[in-house]
Amino acid sequence: MDVLTPHKMIVVFLIQEYLRLKKTVAEGATREQPHQIEVKAGDRKRFCLLLLKLIQYPDLPYKDLYGLLLSPVYGVHPVHLEEFKKLMKLLKTVGIDVMFDLYNEIDKLIVDNTASFQIGIVGLYLRKVFVTMDRMSFHEMKDLYLATIAYYDKGMHAIRLDPCPDASYECDSMKQTQNQYTPIEPSDHGQLSAKWSVKQSELFIAQQSALLKENEAKALPPRELQKRLNEIIHDRPHCSQAYFLTYMNYLRVREFFGAVHALQRVFDRNPSAGAPPPASTATPESKEYQYSSLNLAILHAEFGQPKLARTCLRECIMLAQENGDTTCLQLAHAWLSHLEGHSMPLPDKNTSGSLFHATSLRILSHLRHGSITGESPSKLFGLLMVNDLLNCQRSMMDLVATGIAERTALWTVYGKHEQASLCAQLLLNVDLKSLGKTYNGNGICQVLCSLVVRLAHLGEFGHALVVLQHTKQRFPRYPQSRDWHLANHYVTVLRAVYRGRWVEATAECQYLHTYDPNLSMLLFAHIALAKQDFSTAENFLARLTQNEQLEPLTRIRAMILSANVYLHCGHTKAFHLLNNALLYAQKYHLQYEEALVSMHFAYLLLVHLHAPRQASVSLKAGLETILANGPIYDRARALFLFARILVEMEQHSPASKRLQQLATLLATFEEAIEMFEKLECYSKAKDVYVYLAKTYHELGSHEDRNRYSYRYRLLEEQYPTERQYLNVFL
């Protein structure tokens, strides 16, 4: 025990009176106690919970401690409480002899209860108090006695000012969550002020670290957590774990300068300071430094400083080898391979259990890398299935959630959006509880963001906003907040583009550029092309395609937009670009992008080359994929184009037959209009009205022409849009 404080002495007094009460109950009725005292199982349970709280948590003011004694959750037996209050009143009258009597009483209690005190928490606590008091001088014992008297007087004065501490505690205790700590008020006891002991600080750091990893929303708020950490660092300035938790706390609020400073302070501290010396000298003091080096390397890599990151990784590898930490060694080698641009070989089936967590993370990293390098999807999903099976067998909930989130991302990349939505809903409905703790980490946030985007693609912007608000409440801070910020800006840009609000879309693209520059530039080009500002769109696309590290999915979308720019400029290079995009999509197994390219080929063949039969062949190659998995915007475009092709294929037939064909396809046109209007993309709905009115005019059906012209006028009066966005196939 570091320092004996008045709070710790009060706990010893409580234990002493409880053991006396227990002895009285065992002896039965006596002359001094003529009535039989009954201590029920509930009384014993509440006192055990109270002791656990008082021993494990930091020191409390006497007023709060007294409130605990009266609370319904931790309240003690009435006789126990009465005897404790008598003992506290005797402190002043008897004098310092109480401390020496307590020393002898603890020695007697330990001897009388040897069997139960050898392994129990209470026995260990009393032994520590006994050893600490045995080493104290008379002057130190006197200071402890005076501090205890002052602690009691200050608490009683506070109780007199608030005569119902139990009631106030009951109200507050119901509102506080399990991990909330009562702020420690500095006392006026000099050296005996309230302090964090070694075990208390280690428990607090371990609990908060686990919460930051598994359920950040239940951890203490950043400001309050930093206040507790400052108290621990003040009491134990050599505690390296406190600095490492400070680093994690700084990351929550994106205070990167403070995070780097906290990591650097870890290396100046001894992780075992204040703790008893280890039994074996084989374990060096730098046992935990390798993880600080690893995190410092990750920070440098995120800041775009690969040289410094490699230096930190080499130091991490050296420390991990010295300490025999194979888990950290694997993580360091994986990051070094990532920085040097080559992939590590996957582990074999005989990997030991201690390395499994790092091995699983390496497999997930390999899956991400394989999805952008053109590996076979069947191979990637097979590897993911084996990894998920092993994660479930070991009940590693963080890896289970991350694996399902990775499966969702892979289905999205390969264009199977319905499968991705199914995986996301599976993860959100599964019970990720292990050892009484429910996982609520990064994997959950990622699938929620994917659902937000999926709902927006389906035109359910209200539902997308509800899911987004839920995600914000569940993951309020960095790094998870980055994902929902990205999803929020992307959905806002998408909706503004559908509505034709270019100023709003451009502003949101500028916000989006902070989170994903490539996606932002792609949307900038999309907006410029929709406004028919072809030179600006070409500049954005040129800057985007010059990036050699551009992901295949983004590159194909950029090539499609470039083909549209050349198409509207009357350049023949559009065919060449679309053909390259098609080959690129086939190379990287991007089936949905391949279907989009086929749809653009069909549009080019129909509108610019007037070859409806060839356009029909091209569109049918990807129509099923778009209708099964695509957003409703793409589905509406595909239906509109499909119906136009079927009408144009009858261009050499008599007018009556063409009118009959057009009447047959009206349901398809109306479905496309309904989808566009659901997205509030009224300019595209007007495109359909314009096409139908012109076609009926050519066929001499003036009544139908006037009907669709009237519907166009009503829609234009109700939702006026920019004229340049009309008839742009995006």
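## Cysteines

Cys423 is buried, its relative accessibility being 9%; buried means under 20% relative accessible area, exposed means over 50%, and partly exposed lies in between (1.4 Å probe, protein chains only). Cys328 is also buried, with a relative accessible area of 0%.

This is a predicted model, in which local features need pLDDT of at least 70 and side-chain atom pairs count only at pLDDT 80 or more, while totals for chains, interfaces and linings use all residues. Residues are numbered from 1 along each chain as its sequence is written, and side-chain values use heavy atoms, with hydrogens and water left out.

How many disulfides does a search of the whole structure find? The search finds zero. A disulfide is counted when a pair of cysteine sulfur atoms lies within 2.5 Å. The closest cysteine sulfur to that of Cys328 belongs to Cys316, and at 3.5 Å it is too far for a bond.

## Nonpolar cores

In soluble globular proteins, nonpolar side chains tend to be buried together. A nonpolar core is here a set of buried Ala, Val, Leu, Ile, Met, Phe, Trp, Tyr and Cys residues joined through side-chain atoms within 4.5 Å. The largest such core has 128 residues, and the members that touch the most others are Leu432, Val597, Leu641, Phe669 and Leu692.

Contact means heavy atoms within 4.5 Å. Apart from neighbours within four places in sequence, Val597 is in contact with Ile556, Ile560, Leu578, Ala581 and Leu582. There is also a second, separate core of 48 residues, which includes Leu60, Phe84, Met88 and Ile96.

## Salt bridges

Side chains of opposite charge can pair when their charged atoms come close. A salt bridge is a side-chain nitrogen of Lys or Arg within 4 Å of a carboxyl oxygen of Asp or Glu, and the structure holds 20 of them. One of these joins Asp388 and Arg407, at 2.9 Å from N to O. Asp388 lies in helix H18 (residues 377-393) and Arg407 in helix H19 (residues 397-413), so this pair ties together parts that are 19 residues apart in sequence. Helices (H or I, at least four residues) are DSSP runs, numbered from the N terminus. Asp388 and Arg407 are both buried.

Another salt bridge is formed by Lys678 and Glu460, whose closest N and O atoms are 3.0 Å apart. This pair links distant parts of the chain, 218 residues apart: Lys678 is in helix H33 (residues 666-678), and Glu460 is in the loop between H21 and helix H22 (461-474). Lys678 is partly exposed at 41% relative accessible area, and Glu460 is partly exposed at 26%. Glu680 pairs with Arg495 in a salt bridge, with 3.2 Å between the closest N and O atoms.

Is Arg454 buried or exposed? Arg454 has 7% relative accessibility, so this residue counts as buried. Arg454 belongs to helix H21 (residues 442-457). Leaving aside neighbours within four places in sequence, Arg454 is in contact with His417, Glu418, Ser421, Asn629, Gly630 and Pro631.

Asn387 is part of helix H18 and is buried, with a relative accessible area of 1%. Not counting residues up to four places away in sequence, Asn387 touches Ser360, Ile363 and Leu364. Asn387 and Leu361 are 26 residues apart along the chain, and their C-alpha atoms are separated by 9.7 Å.

Definitions and conventions. Helices (H or I, at least four residues) and strands (E, at least two) are DSSP runs, numbered from the N terminus.
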